[in-house]
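Dear colleague,

Please find the structure below.

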Protein chains: 2
Amino acid sequence: MQTDNLQNTDLNESKTVLQLREKSSELSQIHLRELLSNPERNRILSILTDSLLFDYSHEKLDSEAVSLLLKLAEEKELLKKFNAMFKGDKINSTEKRRVLHRALRMSRDESLTIDGQDIVKDVHAVLDRVKQFSSDVREGKRTGHTGKKLSTFISIGIGGSYLAGDFVYNSLKSHQTYEKLSEGLELKFLANVCPIDFSRAVKAIDFEQTLFIVISKTFTTAETMLNARNCKQWLLDRYREKYPNLSDKDIESIISKQFVAVSTNIAETDRFGIDKENVFGFWDWVGGRYSVWSAVGALPLSLAFGFEVFQEFLSGGRSIDETIVNCKSTNGIKENIPIMMGLIGFWNTFICGKSTRVILPYSQALCKFPNHVQQLDMESNGKSVSITSNKFVDYQCGPVVFGEPGTNGQHSFYQLIHQGRSLSCEFIGHAKPQFDLKYNNEIVSNHDELMSNFFAQPDALANGKYTEEELQGIPPELAQHKTFKGNNTSFSILLKELNAFTTGQLLAIYEHRVATEGFIYDINSFDQWGVELGKVLANDVRKVLAKNVLGDEETKKFNSATLNLMNFFTENKK
Amino acid sequence: MQTDNLQNTDLNESKTVLQLREKSSELSQIHLRELLSNPERNRILSILTDSLLFDYSHEKLDSEAVSLLLKLAEEKELLKKFNAMFKGDKINSTEKRRVLHRALRMSRDESLTIDGQDIVKDVHAVLDRVKQFSSDVREGKRTGHTGKKLSTFISIGIGGSYLAGDFVYNSLKSHQTYEKLSEGLELKFLANVCPIDFSRAVKAIDFEQTLFIVISKTFTTAETMLNARNCKQWLLDRYREKYPNLSDKDIESIISKQFVAVSTNIAETDRFGIDKENVFGFWDWVGGRYSVWSAVGALPLSLAFGFEVFQEFLSGGRSIDETIVNCKSTNGIKENIPIMMGLIGFWNTFICGKSTRVILPYSQALCKFPNHVQQLDMESNGKSVSITSNKFVDYQCGPVVFGEPGTNGQHSFYQLIHQGRSLSCEFIGHAKPQFDLKYNNEIVSNHDELMSNFFAQPDALANGKYTEEELQGIPPELAQHKTFKGNNTSFSILLKELNAFTTGQLLAIYEHRVATEGFIYDINSFDQWGVELGKVLANDVRKVLAKNVLGDEETKKFNSATLNLMNFFTENKK
């Protein structure tokens, strides 16, 4: 199988895809500046809701192209696929699992019966426990071993148990309402197994006031469990330092009061010493990269801000789910933001051949959003096998995703977007600042200054600067250096404000957008077999490094280059 | 000029490039696993120095391909171009500037005469002032207005005045030696004009103990100057709150004692109220993205760690410069890390068509390195115009760059690299941990656990898992889902340790690597015209937002879509 065992799926055979390609080639003859000069076209290419404006007029699209995308949506049965997901079909067929993160944000008065069990009830039972637990901690009813208030929360988890939580925490922590709710409290994340991440996490914290939250579905994730064991050891050492005569009962109390877990593996949490009542569960139908909606996110975020804020976040997600549940026809898709975003994403990646997507939030609060979407998107759609035929597809699927907040990105990599390669740009902003800053003598507030760039960049990318008139006065040898060809496409999401509700909306939009694209590509967006091989090989290396000598049986597994690197390592590590 | 005004430069015409393409097509028939099974080949594809091992055996290369790349190096006169750069030719011809960041790291006993002036003397004169100033602050000889020790340093700057400083600070701050040197001190960065960045920067700091460092070559950078004015106002407000009867002289003293500048515009720093003796200069031959070697980096980093640490960093950079200065022949290039890395980069991007480069440091200390390289690379080589002909080239130049520390990345986007798209992977690690962490009952230390992954991933990517034997026992419907085609290429840089010296080496390696690629592409890696248009348009938007009403003269400049967004904004921003 060294040569690709390719199998045509219908995507490249689809007449609609052919028409889309023709349309793209037709549109490539028209400069985006010209398209944007048509107000009627622009009006059509946007969706306005109660809480946000989604504008995709800066994409290389017209109403005909949109119609073709809607036709594709119909052919690929997107609404039917979402319906299958929402009702609990095992659409993650390679792992024989349902994909039900939507159930995590359903309201208490709804129900969804799976195998005779109303899982919405189960969800709210855990949420109720999170509510109780977090309010007990916040009110000082639950304390550390020595009775001090727990005020530092260290969330130990990696990947899906880390990225979204960090994004949401950053999205909310400087908002003037939530900042008050988290006064005197701090949430820190410990993800990487690198010892430096550990040293930074426990730096300058009061060990008697620290609660550790260990997040791992299986409670066997190598990085997380090593970090958790280190934190336990570190905590006990600090206690022993200060209170030299700790009894076994004290030690038990320390762990039971200052360690909680989010996991489904009660046997392992128990062995770790965590009280059963301090273990918050979730379900095999919650994928890691969607788990922030479960106790994985609920627990740390409710500790930091209070459970009500997390509820708002859930409501935001739910409001987006409902737009899909209520979308009954292809015509409805035109008003549906996540599905339209998915179609636009497919257009850019598959039809127009842009292999990279760049997320550009004009808000420092969203600084971790690109990092989370990077996982959400690349881990979901970085695949190559059809879920229908189980054979390799003959096309590339999801794109590379990266991003940085504007204006920082402008002073970093925008050069390449303006005059180098063609990327898909996704601008995100909010009208109301989370924190207003304007001194009297300034022309505009900081937020207005920031947003001046949010409005300017999509036009600069699209319109460019290339006519003789525009280049007038520029010496000929500089003319092309100073030319902007324009024609660079983007869309913009402008929220009314950035709060817990719209943070939930934004995340759910991107989740369903990624699912939409996966449905079109006919891949399984919900597994991640690609992470397995590295884990296996790391186990082999670990055995060698543990022995600290090379040359024996295990080293036969490695090629000479890797052995050479490992030799250099062991020689120099002390 | 809507249609590209293309002009062939010699790159696509080069016989060597043709041969490289043929070679690449020949190598595409051989699986990387097979190439790696040849120890002789592997031995050739690595460079060992006193401080590091650079291994590129996991690239799709053999000795013939390397010879062709060296031939290209000769044709493109790389050594001659480096020489021109080092001796101060105005190779940044579009801005009529020299490119002399190398001079910033030359030692005191060297000299480089430019326009009759020994600029190495100038460099060391500023460094001497930085040394004096930083040690005065660190020793408490220079204090804040009320005589308190200055212990929080807020570095205000964006892009080139921010990213590298943040990278170096993170690279060093948890090292057990430097951590002691910075005990009780904190360096914070304020880059983004977003009000949230400001609120986070000034949060929980003691205003009487804070020194603000304003970094802007021209002292007119919009974001930086607004942030600087805000900090000034904020500081004075805090003082007025605590000491209601501030005199004009007090105000003057506050600014003069707690604000310093790194800039070349004395008129503007003076107007801001900064003492001339607290302004640290640099030169027009220092590009923003190379300025960390000047007072831009020297001042904040010396304040944080002491000047000696910064000197070590300079020495590291110098040691890499010297490898190029001492490289006299094409054969020497084979032992030269930055130039070889540049050739490999060109091979991957141009010959093999990989448009994305991913930086994967297995060290949390290097968490900001990908962010800096993102700027360094994308702002330098995200260009399309020949520096020789001043016409558009008919090929794409520098790639997209992103990255995250392993193991975090493994739990995020590695799925796509293993089973999705083909990217250029760059692994970085260090043998000796900065901070050792191993509790008795663990099999390996955290650092060994981390490095198990560093060694495992390149092999997992290269070797894959696809033979019948390897897939044995996997049900047929899962076989392709669990197949790893392998053949994914990477290189590895393994440092003996990560300290100030090797941090300087790593940075200088990447700088010269980017220059190497720019020289091959025949573009100007040292200008950044692509950032201009956005700035101009932002000025237009700012005028509209300042008036807070739409509909008047200025709005005619905008298309209906952008007006619609701006309307939504002004309606909802309060």
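Contact here means heavy atoms within 4.5 Å. On that basis, 161 residues from chain A and 160 residues from chain B take part in the contact.

This is a predicted model, in which local features need pLDDT of at least 70 and side-chain atom pairs count only at pLDDT 80 or more, while totals for chains, interfaces and linings use all residues. Residues are numbered from 1 along each chain as its sequence is written, chains are lettered from A in the order in which they are written, and side-chain values use heavy atoms, with hydrogens and water left out.

The interface

Between them, chain A and chain B bury about 14,200 Å², with 59% of it on carbon and sulfur atoms; buried area is the accessible area (1.4 Å probe) that two parts lose on being put together, summed over both. Eight salt bridges are counted between the two chains, each a side-chain nitrogen of Lys or Arg within 4 Å of a carboxyl oxygen of Asp or Glu. One salt bridge joins the side chains of A:E442 and B:R229, at 2.6 Å from N to O. Helix α20 (residues 446-463) of chain A supplies 14 residues, the largest share of the side of chain A that touches chain B; helices are DSSP runs (H or I, at least four residues), numbered from the N terminus.

Residue A:R33

A:R33 lies in helix α2 (residues 32-36) of chain A. Leaving aside residues up to four places away in sequence, A:R33 touches several residues, including A:A462, A:N463 and A:E470.

Yours sincerely

Notes: Helices (H or I, at least four residues) and strands (E, at least two) are DSSP runs, numbered from the N terminus.
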